[in-house]
Amino acid sequence: MRCAIIGSGNIGTDLMVKMMRSDVLDLVALVGIDPDSDGLARAHALGLEAPHSGPEWVLENAKNLDMIFDATSAYVHVRHYKQYAAAGITAVDLTPAARGPKVIPAVNLYEHLDAPNVNMVTCGGQATTPMVYAIRRAIEELPYAEMVSTVASKSAGPGTRQNIDEFTKTTSTALREIGGAVHSKAIMVLNPAEPPIMMRNTVFAAIPEGSDHAAILESVHEMVAGVSQYVPGYRLKNAPVIEEGPFHTPGGVVPHRAVVLLEVEGAGDYLPPYAGNLDIMTAAAMRVGEAIAQSRKEKEASA
Amino acid sequence: MTTTTPTTDFRLIDSTLRDGSHAISHQYDTKDVIAIVKGLDRAGVQVIEIAHGDGLGGSSFNYGFSKVDEKELIAQACDATTNAKIACLLLPGIGLADDLRDVHELGVGMARIATHCTEADISEQHIKTSKALGMETIGFMMMAHMNSPEGLVEEALKMQSYGADAIYFADSAGAMTTEDVRRRVNALVNALEIPIGVHAHNNLSMAVANSIAAYEEGARNLDGTSAGLGAGAGNCPTEILAAVSDKYGITTGVDVLALMDVAEEVVRPLMPRQQVIDRAGLILGYAGVYGSFLLHSQRAAERYNVSQADILLELGRRKVVGGQEDMIIDVALELAKKHAEAGK
């Protein structure tokens, strides 16, 4: 699979470092718009093409590309996604544009392998949706789920800051659509402490009467292992707990709640380890790209 | 634009129905809201703030669920007021711009957009939305003891550039001395073109003194809550601030005795506990921890059989900010684990 990353900022550059290690993805270019960006300089040093003509370059070179990873902005993605699809290029969208189906690798990796465009939700969505899904599958119905994501101020870029509502809305939707909760809420907090804190995520879930608590905890542990296969720094900060209520949630009164306290340490590929929020996005996008590539290969082999 | 009427020296904003909500774990009923709004309005309070304690959209596992939907309560408040303007608070990351549209429809005339004191740039979307709706809009910087006067000015200038009509800083941890307040107000008054306000907490027993000092340095908006009802050891008590202002010859435009009546006859009977500065409250101010962590940390301490003081001190060491209530559980679990290991 011949791939290009578009967007030479933090996310795009971190993804480039990861993709250089891939056996199935053949990265040919990091595409930017600023010729002086650090990302493009690094791409050049790695022997990749490093053009600065943005989406135009992708469209001009479409016949030599199978897949792009879009790490620009929702605005840029929305303007170009139809052109990418028309040119036969599969797009893995790391912006919050949400034009294609949402993919959380540990939950629905194999459901959208043929889609021309898939969306990677948000960093907090990648971290918490698997936990919501894990709890959901262990009980009859999950009336309400909530996530709180705290990231170091230094790792929250201007895009997130100017449109924080987009983060909370998209994440909350993923907790319902992919996690399986009936009602949901997402909260984002920025913490400026020095040295910067690791990305923290907390999942709260309403646990109805008669649920099997041991099964919930076991399902959570299993899912943490699943996510950490593609995000090595993903872990439980404390063992998950079931607390006694009652709790008057938007999904009704429940006797208990599950609390899952997570930490995401980045791999330190381009950004420091505290930026687990960026790492989980790039790691998840890589996983999706590799799965799409493998599925194509298998199809070609059997054709 | 001016934010005080010509007849008063500063504008009093009462937050009993917002910050006070923390102290009663967000259990306000419609009849409480109507009684408080009517009482404050009759006493001449110019602005009454109402929302979940953590602002619009705060009802959650993390911050506590509201007994009655805040928008229902806000609608009741808008109906019950005659002269006072109804205000809401919103923290970007918790509430949405859509919430501002909803409450504007209900008759809310002021929105205060609150961020941690180093993160003003996340308020741009919401300040602009509020301004576009035609609401008076205040940029509100929380946990202001965690930023220097110069740092606060830098953040306040951002909020001013987004269109804020006034800037507040909140001593959310009740951790400031009078000198801390003076230096911050002075820096802001000198650097900004718009009025300054201060929201004080009483964890170090400084709330009224700090509010008066803020006025002396040029703050022209001051917050209070009836009977001091609020996060931590409580807020600056509205009726005491008004009484002390009278003594100083500062014109508030409010009827001090009528405010005392509201505090005594309407608010105190609602209070599950009086606002005293007990050990936990004092530790909040001493360690610089967000006031609304008080009741959450008490519950976690009981649940996991650990010391509330230890939880609060550790949260202070970790430099957690407002909104990170989930870290209370994190710290409680770690303390419980340590105790279990020590007991082996």
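**Close-up views of a two-chain predicted model**

**View 1. The contact between chain B and chain A.** The contact takes 38 residues from chain B and 40 residues from chain A, with contact meaning heavy atoms within 4.5 Å. This is a predicted model, in which local features need pLDDT of at least 70, side-chain atom pairs count only at pLDDT 80 or more, and totals for chains, interfaces and linings use all residues. Residues are numbered from 1 along each chain as its sequence is written, chains are lettered from A and ligands numbered from 1 in the order in which they are written, and side-chain values use heavy atoms, with hydrogens and water left out. About 3,100 Å² is buried between the two chains, 53% of it from carbon and sulfur atoms. Buried area is the accessible area (1.4 Å probe) that two parts lose on being put together, summed over both.

**View 2. Salt bridges between the chains.** Six salt bridges are counted between chain B and chain A; over all chains the count is 41. The rule asks for a side-chain nitrogen of Lys or Arg within 4 Å of a carboxyl oxygen of Asp or Glu. Asp121(B) pairs with Arg161(A), with the closest N and O atoms 2.6 Å apart. Arg303(B) and Glu243(A) form a salt bridge at 3.0 Å, N to O. This pair runs from helix 12 of chain B to strand 10 of chain A. Helices (H or I, at least four residues) and strands (E, at least two) are DSSP runs, numbered from the N terminus.

**View 3. The largest pocket.** This pocket holds about 1,200 Å³ of space. Its lining has 45 residues, and the closest to the centre are Ile11(A), Ala71(A), Thr72(A), Ser73(A) and Gly159(A). A pocket is an open set of points on a 1 Å grid over the protein atoms alone, where a 1.4 Å probe fits, with protein on both sides within 12 Å along at least five of seven lines; lining residues have an atom within 4 Å of a point. Volume is the space filled by probe spheres set on the points, which are joined across faces, edges and corners. Helix 4 of chain A gives the largest share of the lining, five residues.

**View 4. The second largest pocket.** Its volume is about 610 Å³. Of 37 lining residues, Phe61(B), Gly64(B), Phe65(B), His296(B) and Arg299(B) are the closest to the centre. Strand 10 (241–249) of chain A supplies at least two lining residues, as do helix 1 (20–23), helix 12 (293–304) and helix 14 (326–343) of chain B.
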